[in-house]
Amino acid sequence: MYTEFTTDALFTTRTRRIISALVLFFFIFTFYSPAVASAVDKARENWNPPVNSLEHVNPVGKTLESLNAQVRELKQTVADSGEKGDRPDVEPMLEEIATLADEFVERDEQTRAEIRSTEAHLRNEGVAGKVLERHQAYKQHYQRQADAVREHVQRLAEWKPQEQNLDDLKTAIDDLQPYLEYPARNPQESFSNDLDFVSPPPRSLFTEQSDINALLNLNGDETWSQSDFLETDSATAAGENIEEKVSELSGDPLAMFQWVHDNLDYVPSYGVMQGADYTLASGRGNAFDISSTLIAMYREAGIPARYSYGTVALPAEAVQNWVGDVANVDAATNILSQGGIPQTQVSYGGAAEEIEMEHVWVEAYVDGQWVALDPSFKQYDYQEGVDIESEVPLDAEGLVNQLESGATVNESEGWVQGVDAASLQTELNDYQSQVESFINNQHPDATLGEVLGSRSIIPNEADSLAAVELPYEQIQASAVRPNLPQGLFYEFRLQIGDTTGGQFGIPVQWNSLQAELDRPTPELLGKDLAISFRPASQADEQAIASYIPDDLEDPEDLPSSLPANSIHMIGEITLDGEVVESTGQVTLGEAMMTRLGYVKPQHGWRKSENHLTAGQYQAVGLDMQGISPDQLESLQSDLEGVQSKLEAEDFSGLTRHDLTGAILQSGIQGYLAETYAMDRIAAQSSGIIYHRSPSYGTFSTSMQVQYNFGIAQKVLFSGVVMDMDRIESNTESRENCYEDWVAFNRSSGMRSSAYEHIIPERLFSTENSQAEGVSTAKALSKAMADGQRIYTLTEDNEEQLSNITIDDEARSEIQQALSRGYEVTVHQKPINVNGWEGSGYSIIDPERGVGAYKISGGVNGGVLQGISTGLSGLLGGIGGFLEKYKTNQIGKVLFSPELERLQKLAGKAGTVGALGLIAQLVNIGNGDADTVDKVGQASSAVFGFALTSFLTSSLLATAPALLAILGGILIAVAVSVVMAQFTKRYFK
């Protein structure tokens, strides 16, 4: 069996030298970005054509694609003329085909030369025969197809309208077309391609005992022994955190209940999500997870414990306090409903007095009897923050006037042009300075909680378990179980599949399952989940290694691509670096797909479907209710360990997951943690209740693939891509104000979009080399700065889409979104950022303010599917190692400043430590002021981040709609830049 590579076990000095060069090789041929990215080497800034265009990736494929378009047009013209009885005027088209025929011959010769060069290389390097056999098969396939194209296109180009029969022309077209229908590019990707933005509502409330029994898989005849109430599952397993806490509390049942009640923050959501250990570490959870935590602690202490599930009635006012101190019962039930909790309001003739809801609590067997305890229901003491809006008022009208000054607003066509972003940035900076000055002068020792407002759990003060009372007015129906059934667990399902289609106009689509992971989320949280590829055999490894020269003098000596058709890979799904599922052999660069998403209790699998290129490394990030700071600290510790090994030139035992995986994991987990923390802070200062709902995404290496006649010829390394498939939250205005709720949702989406370039830039930039990424917010901002029109499209002005230059796939998606009643903001034509060309656009549900923020490929339709970080996911087992010795020839390259940058990258990714501290800031909502210093500067700077919500709300309230939307995007970008400066300043 082909196992994981390690240096000690397998590699000679020369092989390790090759590995070292490979790692550097992938870092050099990289440009970075989030939802598609870019930051190409400075020497490549002015490349023409764009680096993500088909013209650059596959010149002969571009010619074939152009030929296909011309031949289709010719065929349609001939058909139309036949219906009318006219002789078609086809000479201009035939002239264009003749020009393309000449271009094809030229590029075909170049491609054949590349194929011969590859064959010579493989022979000279003594690569195993089966690799050569694959290459020979591809060579013969290409030559047959290309010869046929030459023959048939020549027949078309030479057809004479006055001398030949029209049927001959039709025959020539029909003979040529099958050879032109192969895809020449990567399958087009629409990142976060699900337009279903809103989770389905909860089912109806169960009030009958029979319904509760059926939900819990009970038939009424169950008998359990005491040992059953000590058995653990993934929800109640005792990890290190549980063990330490039980020991700290000496296993005392009252102390354990009171600690869980008094320290774990309640999140209104439904189903087992996190498990006990992760809930304790994160400091928050829903009723299922908090109950699981107490049960796990009791069982660890040898105390039998079980779940009780039922429908309970709670006082409406107590629920309003419990879910966030909301002003009325409607806001409370809105929050519960968004969290998926079945519930209803109960009135006894007037206003709603109670809320009935399905709920989970605990029973523990203490002193010979079962004692009922509810650790998740609690009341909070809320403290108001500083009233910044009154103390430092924002001149919203003046801000709108600045936006309008010099701008052209065409309401009828739905576009804005010429907004002065610089003045908006100045206004933002001035206002933040005013806020900082006010806090520094008036509240110099204030904590974040004191500035923004805080809440703290009112402790349970019972002096015995017997004195603990359940808070319910009544229990309608209930039942007990030792452990909850799997139907009440969240699961995450990740599939890898092969594809079909791509020819004769059929889109590339899912074909059959190749590998699958399907597990309850408590088994996955806190672990590194990834998709990666390794060479399928020693021969494939040898073929890859053969492209690294022995006498490297300079990074320019490294190749920028690898042959694909002759190298086979095996895809792997890994958990903490351990392989849990594998695919069969696939060709490097082969078009594959992933399906991923949560299986929600009482609902089906809600999935995303994305393209995958064989050779990528994908780090998958999961966030159920906020990333645990412990998880980030663990990741930082791992990265620091790798950094120490690199600096000590100790490469023993390192695998692709130690460097490639850890850096990508730091990116995806950092994104989830920072967006969560900043949304919490913004919500706190905006009168919004905010909870993160189950979310997921990927941070990946990627490649551009040159496909010729249906087979990948070579792969080019193209950077990294952050693709957030689903970022969801449970939000509500404290005052149940619809406009405030929509405004916050819009501002949150804009901020999240901006982070898709901020996080990768932070990871891959150094003091001497600034990486530049592209996100939707940044693309729209740059387009506006370039003087483009920024369109806001709805069903009312969808005809304006014809004035926008964007690739066909994005255009189709925009049309689909408009037909659903969504709002699309998009710029007039593609932008160019360091050689990457494309467009950014947002698709928003205007009723809720939520949506998707997307990046498209450019005018040529070449969607950049990622950006391969030089982290060599492609190399599977042999990625992630560095050469041990500086004294040889390769050391001149590997230990140059370029490599020092690489060596520091693991440490650079350790900026995730800053993210860990930022994640701690969310505790300001729980009154935990000790997580940050009592520094007014820090308080005011963090508060400045929340200005996005204030300013966006002001804009939406006072500005014309088009200016409000564009202004909100610009503010999100500006505030994100300030945030990045803050984290660098305060969290070293």
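**A buried pair and its surroundings**

Mentor: Let's start with aspartate 265 and arginine 455, which are both buried. Buried means under 20% relative accessible area, exposed over 50%, and partly exposed in between (1.4 Å probe, protein chains only). Keep in mind that this is a predicted model: local features need pLDDT of at least 70, side-chain atom pairs count only at pLDDT 80 or more, and totals for chains, interfaces and linings use all residues. Residues are numbered from 1 along each chain as its sequence is written, and side-chain values use heavy atoms, with hydrogens and water left out.

Trainee: OK, what do aspartate 265 and arginine 455 form?

Mentor: A salt bridge, with the closest N and O atoms 2.6 Å apart. The term stands for a side-chain nitrogen of Lys or Arg within 4 Å of a carboxyl oxygen of Asp or Glu. This pair links distant parts of the chain: aspartate 265 sits in strand E1 (residues 265–266) and arginine 455 in strand E10 (residues 454–457), 190 residues apart. Helices (H or I, at least four residues) and strands (E, at least two) are DSSP runs, numbered from the N terminus.

Trainee: How many salt bridges does the count come to?

Mentor: By that rule, 29 salt bridges. Another one joins the side chains of aspartate 679 and arginine 751, at 2.6 Å from N to O. That pair also connects distant parts of the chain, with aspartate 679 in helix H21 (residues 656–684) and arginine 751 in helix H22 (residues 738–764), 72 residues apart.

Trainee: Why does aspartate 679 count as buried?

Mentor: Because its relative accessibility is 3%. Arginine 751 counts as buried too, since its value is 2%.

Trainee: And arginine 848 with aspartate 845, what do their side chains do?

Mentor: They meet in a salt bridge, 2.8 Å from N to O. Arginine 848 has 31% relative accessibility, so it counts as partly exposed, whereas aspartate 845, at 6%, counts as buried. There's also a network: salt bridges that share partners join Asp108, Glu109, Arg112, Asp147 and Arg150.

Trainee: Switching to strands. Why is E12 described as largely enclosed?

Mentor: Eight of the 10 residues of strand E12 (residues 491–500) are buried, so the rest of the structure largely encloses it. E12 pairs with strand E13 (residues 509–520) in the antiparallel sense over 10 bridges. Two strands pair if DSSP finds at least two bridges between them.

Trainee: Which residue in E13 is the bridge partner of threonine 499?

Mentor: Tryptophan 510. E12 also pairs with strand E18 (residues 591–599), antiparallel over eight bridges, and there isoleucine 496 stands opposite threonine 594.

Trainee: What about E23, are its faces covered or open?

Mentor: Covered on both sides. In strand E23 (residues 790–793), Ile790 and Thr792 on one face and Tyr791 and Leu793 on the other are all buried. In a regular strand the side chains alternate between the two faces of the sheet.

Trainee: Which strands does E23 pair with?

Mentor: One is strand E9 (residues 415–417), antiparallel over two bridges, where tryptophan 415 stands opposite tyrosine 791. Strand E24 (residues 823–827) pairs with E23 in the antiparallel sense over four bridges, and threonine 792 stands opposite threonine 825 there.

Trainee: Last one: where is aspartate 387?

Mentor: In the loop between strand E7 (380–383) and helix H15 (388–391). Aspartate 387 is partly exposed, with a relative accessible area of 42%.
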